[in-house]
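Have the viewer open and follow along.

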Amino acid sequence: MGKFVVVNHPLIQHKVTMMRDKNTNTKDFKQLLDEISLLVAYEATKDLPLEDVEVETPICKTIGKKVSGRSVGVVPILRAGLGMVDGILTLIPNAKVGHIGLYRDPETHMPVEYYCKLPADADQRTIIIVDPMLATGGSAVAAIQFLKDRGCTDIKMMNLIAAPEGVKAVQTAHPDVDIYVAALDDHLNENAYIVPGLGDAGDRIFGTK
Ligand code: PRP
Ligand code: URA
């Protein structure tokens, strides 16, 4: 079974509370999402392999460490996932970014695919799929399958808030995928929204409601 990690550093908990507040405006909401995404990505990349390299300081030569192995690919699920990309790129500026367009059908809550563009070498990269909300898990399960169908074998999932139902769905369908979140909430309501959650993440990031 893949890891499920709630990155519950005090600063993250503080910032998530600010994001939940319905009075937090679009600008602050996006800035908080940038900050939390960077902090969760820090934890999600804790197991990146290292290699020794020689470096010459102003004093002497020494052996330092450098990240080695697979490069990173960040894949936001459109549209709300876009809000997590900047924070991760602050931490990993050389990561390439792919996009998967999925939306939840308002009636069935099932994911509908409308766009995909991945780095040409996506199958050689450590892929971090990002989406603020893991609700039923339908979108995440579909996005992971989509990447596996294109040869990706090293996939992690990063969310801001998860519902237990979504975590279970991803772990059942894709037990090889580790999940990193800033908060684990209580349940889904009758409209498959996360409770207490923060409402519609896409609308709050882009100010569309
Ligand atoms: C939201 C969210 C996830 C999905 C989560 O996207 O950003 O992609 O719902 O729900 P699930 O776990 O039940 O699949 P939405 O469909 O609202 O589209 P948007 O990002 O374009 O606003
Ligand atoms: N998508 C959102 O934006 N919010 C939820 O609570 C569930 C799905």
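## What counts as sitting in a pocket

A molecule is said to sit in a pocket if more than half of its atoms lie within 2 Å of the pocket's grid points. By that test, ligand 2 sits in the largest pocket. Please keep in mind that this is a predicted model.

## The largest pocket

The space in the largest pocket comes to about 630 Å³. Its lining is made up of 30 residues, and those nearest the centre are Tyr103, Arg104, Ser139, Tyr193 and Asp200. Among the elements that give two or more residues to this lining are strand 4 (72–78), strand 6 (99–104), helix 4 (138–149) and helix 6 (201–206). Sorted by class, the lining has 16 nonpolar, nine polar and five charged residues.

## Around ligand 2

Backbone atoms are worth a look here. A polar backbone atom of isoleucine 194 is 2.8 Å from an oxygen atom of ligand 2, and a nitrogen atom of ligand 2 lies 2.8 Å from a backbone N or O atom of glycine 199. Alanine 201 also has a polar backbone atom 2.8 Å from an oxygen atom of the ligand. On its own, ligand 2 has 240 Å² of accessible area, and the protein covers 89% of it.

## The second largest pocket

The second largest pocket has a volume of about 210 Å³. Its lining includes Thr45, Leu48, Arg70, Leu91 and Asn94. By class, six lining residues are nonpolar, five polar and one charged.

Notes
Residues numbered from 1 in each chain as written. Chains lettered and ligands numbered in written order. Predicted model: local features only at pLDDT ≥ 70, side-chain atom pairs only at ≥ 80, totals over all residues. Heavy atoms only, no water. Polar contact = N/O pair within 3.5 Å; in protein donor to acceptor, adjacent residues only side chain to side chain. Areas by Shrake-Rupley, 256 points an atom, 1.4 Å probe, with all protein chains shown as cover. 1 Å grid on protein atoms, 1.4 Å probe; cavity = no way out; pocket = protein on both sides within 12 Å on 5 of 7 lines; lining within 4 Å. Points joined across faces, edges and corners; volume = space filled by probe spheres on them. Helix = DSSP H or I, 4+ residues; strand = E, 2+ residues; numbered from the N terminus. Nonpolar A, V, L, I, M, F, W, Y, C, P; charged D, E, K, R; others polar.
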